Amino acid sequence: MDAPAEKTHSCGTICLKYLLFLFNILFWLAGGAVLAVGVWTLVEKSDYISLLNSSFYSASAYILIAAGIIVIVTGVIGCCATLKEMKSLLIVYLILLLCIFLLEIIAGVLAYIKYQELDEDLRQNLQVTMQQKYQLPGEESVTQAVDKLQQEFKCCGSHNSSDWMGSVWIQAADNERLVPDSCCKTPSDLCGRRDHPSNIYKVEGGCIMKLEEFILSQLYILGAVSIGIAFLQLVGMMFTCCLYRNLKEDPY
């Protein structure tokens, strides 16, 4: 009696399976990295949200978190489809890759447009926010954000330290401060009484310029990551199509 026929695969199909599986591992790791960046942005830099009228900063963090989760789930589906050789699941996986790829293109265009708006919003509102809200009752989040901004980026005032001359708090205060204590290179109580460059961040540049540089550097990093993931997706879609075709042609 003849032995029962077993399903066999060509060497090319087996190679495609392992290449696609390796791709999904990389894709899964990329999704984890995007998720981590989103969480880090939300946790570590959330104080700056109170300095902006635009919700772009917080929305971008949530979008990164959602994108990371979607990429991870897609990678898991891809692994299952590859290992179980389910052609229907491969189609679902291919559609998900295509959708994510298109969303990345749309998100990239929107990010560029929104950055221009955010930059304008920053220039128009940061000085007003610092002068009109710093250290005033009910504006604790703004005060904390400004102090953190000036210490972290080593800056003083929106454009320069003289911006604080128009501050409601400085003008009303009886402590003779010329700038907030967070402008000092070595912060201590009442150190803001002396505005000499040896004591405060007077010549290092304003906080608007430093914050613009930070946001732009973040966009460059996200852009590089997105390009890398997009390249992976194109490779993944090519592998998926080849594997689907080969599985279809395999003898049973």
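In this predicted model, Cys156 and Cys183 are joined by a disulfide, with an S to S distance of 2.1 Å. The torsion about their S-S bond is about 85°, so this disulfide is right-handed. The link connects distant parts of the chain. Cys156 sits in the loop between H4 and H5, and Cys183 in the loop between H5 and H6. The two are 27 residues apart. Cys156 and Cys183 are both buried.

Cys155 is also bonded. Its partner is Cys207, and their sulfur atoms lie 2.0 Å apart. A torsion of about 95° about the S-S bond makes the Cys155 and Cys207 disulfide right-handed. Cys155 belongs to the loop between helix H4 (140-152) and helix H5 (168-172), while Cys207 is in helix H6 (residues 207-249), so the pair ties together parts that are 52 residues apart in sequence. Cys155 is buried, and Cys207 is too.

Cys184 forms a disulfide with Cys191, the sulfur atoms being 2.2 Å apart. With 115° about the S-S bond, the link of Cys184 and Cys191 is right-handed. Both cysteines, Cys184 and Cys191, are buried.

How many disulfides does the count come to? The count is three. The table sets out their geometry.

| Disulfide | S to S distance | Torsion about S-S |
|---|---|---|
| Cys155 and Cys207 | 2.0 Å | about 95° |
| Cys156 and Cys183 | 2.1 Å | about 85° |
| Cys184 and Cys191 | 2.2 Å | 115° |

With the bonded cysteines of the protein numbered in sequence order, the pairing reads 1-6, 2-3, 4-5.

Cys242 takes part in no disulfide. The nearest cysteine sulfur to that of Cys242 belongs to Cys241, 6.9 Å away. A disulfide needs sulfur atoms within 2.5 Å. Is Cys242 buried or partly exposed? Its relative accessibility is 26%, so Cys242 counts as partly exposed. Cys99 is partly exposed as well, with a relative accessible area of 39%.

Next come the aromatic rings. A pair of aromatic rings is described by the distance of the centres and the angle of the planes. The count here comes to four aromatic pairs. Among them is the pair of Phe23 and Phe27, with ring centres 5.5 Å apart and planes at 15°, so the pair is stacked. Phe23 and Phe27 are four residues apart in helix H1 (residues 11-44), which means that about one helical turn separates them. Phe23 is buried, with a relative accessible area of 4%. Phe27 has 0% relative accessibility and therefore counts as buried.

Tyr134 and Trp169 also pair. Their ring centres are 5.4 Å apart and their planes stand at 70°, so the pair is edge-to-face. Which parts of the chain does this pair link? Tyr134 lies in the loop between helix H3 (87-133) and H4, and Trp169 lies in helix H5. These are distant parts of the chain, with the two residues 35 residues apart. Tyr134 and Trp169 are both buried. Together with Trp164, Tyr134 and Trp169 form one aromatic cluster.

Conventions: Residues numbered from 1 in each chain as written. Predicted model: local features only at pLDDT ≥ 70, side-chain atom pairs only at ≥ 80, totals over all residues. Heavy atoms only, no water. Buried < 20%, exposed > 50% of the residue type's maximum accessible area, 1.4 Å probe, protein only. Phe/Tyr/Trp six-rings, centres within 6.5 Å; stacked < 30°, edge-to-face > 60°.
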